[in-house]
Amino acid sequence: MTEGANDGSRKRRFARPEVTFEENDQSRLQQWRQCLAQMLGGCLVGQFENGGNIGAMHDQDSTVDYAALKEKIREAGRKLGFAAVGVARAEPGAAVDKMREWLAEGCHGEMDYMARHADLRANPAQLQPGTITVISAVIDYLPHHETAEGPDQAAISRYAQGRDYHKVVRSRLQKLADAIAAQIGPFGYRVFSDSAPVMEVEFARQSGLGWRGKHTLLLSKQGSWRFLGDIYTDLPLPPDEPIEEHCGTCTACLDACPTGAIVAPYKVDARRCISYLTIELAGPIPEEFRPLIGNRIYGCDDCQTCCPWNRFAQTGDPEFAPRHGLDTATLIELFNWTEAEFDRRLAGNPIRRIGHERWLRNIAVALGNLPASSSGAANLTVNRKKALKMKSDHPSALVREHVAWALARLEG
Ligand code: B12
Ligand code: SF4
Ligand code: SF4
């Protein structure tokens, strides 16, 4: 899962260039003002109305109790559905050197933007001038505890079975920013969720929202099925303390990874990761990985399903509940979606971003990976071959090549 190409495209710049916000923020702000007043006690809403311009930077004010403000922000965050909110200094520290090593080794594969934007990632104030503080927030997304193990079932990673988190998380962060403005007046900020070069896991870790698991994701005693989002801001909020790590001697995620992508604790070589291979990679999936992908057609959850801490995870926000039967669909059913159906059914879902061609590429690979032992394997093979042959002359060379690979495997 990676950053949206450009979160600035739908934003309008106002008088002060350091702050951007979405087109309809002013009208949304009006609607929200009433409920924000209730949420945060309403004391400064009048001032906000008079102050007006959210595009201004925050004038540091010795009369503001920033520690108390932080607690109010946390409380407002909880009311907006965030599982937790924390604060860090806008200094990613030692994680930057590790990121540069990772890039130097080429672990980012074809995700060129990771290398291109490394400096912005390392320097928050370069991305958003005036930034001194990061407000980190997490939203739980676990849609259910089921795993896609039926012989003809498609495995779609859990984060992608419901609504697109980029929009949901950023829209809630915007509401949180509105709530802060209602409290203290205009301040400088920008909201992100996997939408710009931001070291989200590192800031969440520094904010005390969890520790970094050996799979590199943010992990907490409530598990790792959480989306992260951030507000870069010029508010001098006091930072929270990081929490203790609790991976101990466990190596379950390293052992469970089907492709050996967690090459060392705290290090994922994206080029081997099924999430990268099925989502980020535009061209052919290297043949050595195809058999290892199994029935995973979009992303992979194995390093999380095996994690002992996820036994305690609760079902997440209803926004991320499965839609269009993506939790139970069969490979053949999804393979037969026309491009128009793909576009229509997946509107508002992150999968749509990969496009129909990569979708067919991924499903072709999964169709070629017959489960090792399943009753009715002969029937399965016949049905799969039939579906694959229907796409043998697909206009896309990428699809044709993966279909041919799958057919050869089923025949061999
Ligand atoms: C690029 C990216 C990917 C890439 C690379 C993943 C990776 N681990 O680097 C790919 C496409 C493979 C990917 C996959 C997934 N992703 Co992704 N991804 C990102 C993205 C855009 C950037 C992450 C990044 O900077 N990676 C680069 C490396 C250098 O950074 P790093 O792993 O964080 O840590 C390095 C150093 O900091 C250092 N380090 C840091 N601390 C420490 C500590 C010690 C002791 C040591 C030794 C080293 C060390 O070690 C690493 C270098 O080896 C973030 C969003 C964002 N803007 O942050 C989402 C994000 C990390 N992804 C997310 C998710 C959900 C996933 C998937 C689960 C999706 C799926 N189901 O398929 C998988 C999980 C795979 C995995 N185990 O990482 C979520 C994670 C939420 C969480 N709970 O942490 C994020 C935060 C998006 C979001 N806003 O919610 N992703
Ligand atoms: S997402 Fe899957 S392939 Fe990627 S590191 Fe985790 S277990 Fe390995
Ligand atoms: S599986 Fe074990 S090592 Fe991996 S993140 Fe979970 S607790 Fe840590």
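**View 1. Contacts of Ala364.** Ala364 touches Leu388, Val399, His402, Val403 and Ala406, leaving aside residues up to four places away in sequence. Contact here requires C-beta atoms, placed from the backbone, within 7 Å. The model is predicted: local features need pLDDT of at least 70, side-chain atom pairs count only at pLDDT 80 or more, and totals for chains, interfaces and linings use all residues. Residues are numbered from 1 along each chain as its sequence is written, while chains are lettered from A and ligands numbered from 1 in the order in which they are written.

**View 2. The largest nonpolar core.** This core has 93 residues. Val138, Ile363, Ala364 and Leu367 have the most contacts inside it. Helix H8 (residues 165–184) gives the most to this core, with 11 residues. At least three residues come from each of domain 1 (11–143 + 161–233) and domain 2 (252–411). Domain bounds come from an automatic or database domain assignment. A nonpolar core is a set of buried Ala, Val, Leu, Ile, Met, Phe, Trp, Tyr and Cys residues joined through C-beta atoms within 7 Å. Buried means 20 or more other C-beta atoms within 10 Å of the residue's own, exposed means 12 or fewer, and partly exposed lies in between; C-beta atoms are placed from the backbone. In soluble globular proteins, nonpolar side chains tend to be buried together.

**View 3. The whole protein chain, for context.** The chain comes to 18 helices and 12 strands. Helices (H or I, at least four residues) and strands (E, at least two) are DSSP runs, numbered from the N terminus. Of its 412 residues, 43% are buried. Among contacts with a separation of 6 or more, 79% join residues 24 or more positions apart.

**View 4. The shell around ligand 1.** Ligand 1 is surrounded by 38 residues. Lys98, Ser157, Glu200, Ser275 and Gly299 are the closest. A residue is near a molecule if its C-beta atom, placed from the backbone, lies within 6 Å of it. Helix H4 (95–104), helix H9 (200–206), strand S9 (226–233), strand S11 (267–268) and helix H11 (274–280) each supply at least two shell residues. H4 gives the largest share, four residues. By class, the shell has 21 nonpolar, eight polar and nine charged residues. Ala, Val, Leu, Ile, Met, Phe, Trp, Tyr, Cys and Pro count as nonpolar, Asp, Glu, Lys and Arg as charged, and the others, Gly among them, as polar. Domain 1 and domain 2 both give residues to this shell, so ligand 1 lies between them.

**View 5. The shell around ligand 2.** Of the 13 residues around ligand 2, Cys257, Cys273, Cys300, Asp302 and Cys303 come nearest. H11 and helix H13 (302–305) are the elements that give two or more residues. The shell divides into nine nonpolar, three polar and one charged.

**View 6. The shell around ligand 3.** Ligand 3 has 13 residues around it. The closest are Gly213, Cys247, Cys250, Cys253 and Cys307. Nine residues of this shell are nonpolar, three polar and one charged.

**View 7. Strand S6 and its partner.** S6 (189–192) pairs with S9 in the antiparallel sense over four bridges. Strands pair if DSSP finds at least two bridges between them. Tyr189 has Thr233 as its bridge partner in S9. Tyr189 and Val191 point one way from S6, Arg190 and Phe192 the other way, and all are buried.

**View 8. Two positive phi values.** Most residues other than glycine have a negative phi. Asp194 has a phi near 55°. It sits in the loop between S6 and H9. Asp194 is buried, because 20 other C-beta atoms lie within 10 Å. Tyr266 has a positive phi of about 70°. Tyr266 lies in the loop between strand S10 (262–264) and S11. It counts as partly exposed, with 13 C-beta neighbours inside 10 Å.

View 9. Ser396 is in the loop between helix H17 (377–389) and helix H18 (397–411). It has 15 C-beta neighbours inside 10 Å, so it counts as partly exposed. The C-alpha atoms of Ser396 and Leu360, 36 residues apart along the chain, are separated by 9.8 Å. Gln314 is in the loop between H13 and helix H14 (331–335). With 10 C-beta neighbours inside 10 Å, Gln314 counts as exposed. Gln314 and Trp225 are 89 residues apart in sequence and 8.9 Å apart in space, C-alpha to C-alpha.

Technical notes: Contact = placed C-beta atoms within 7 Å.
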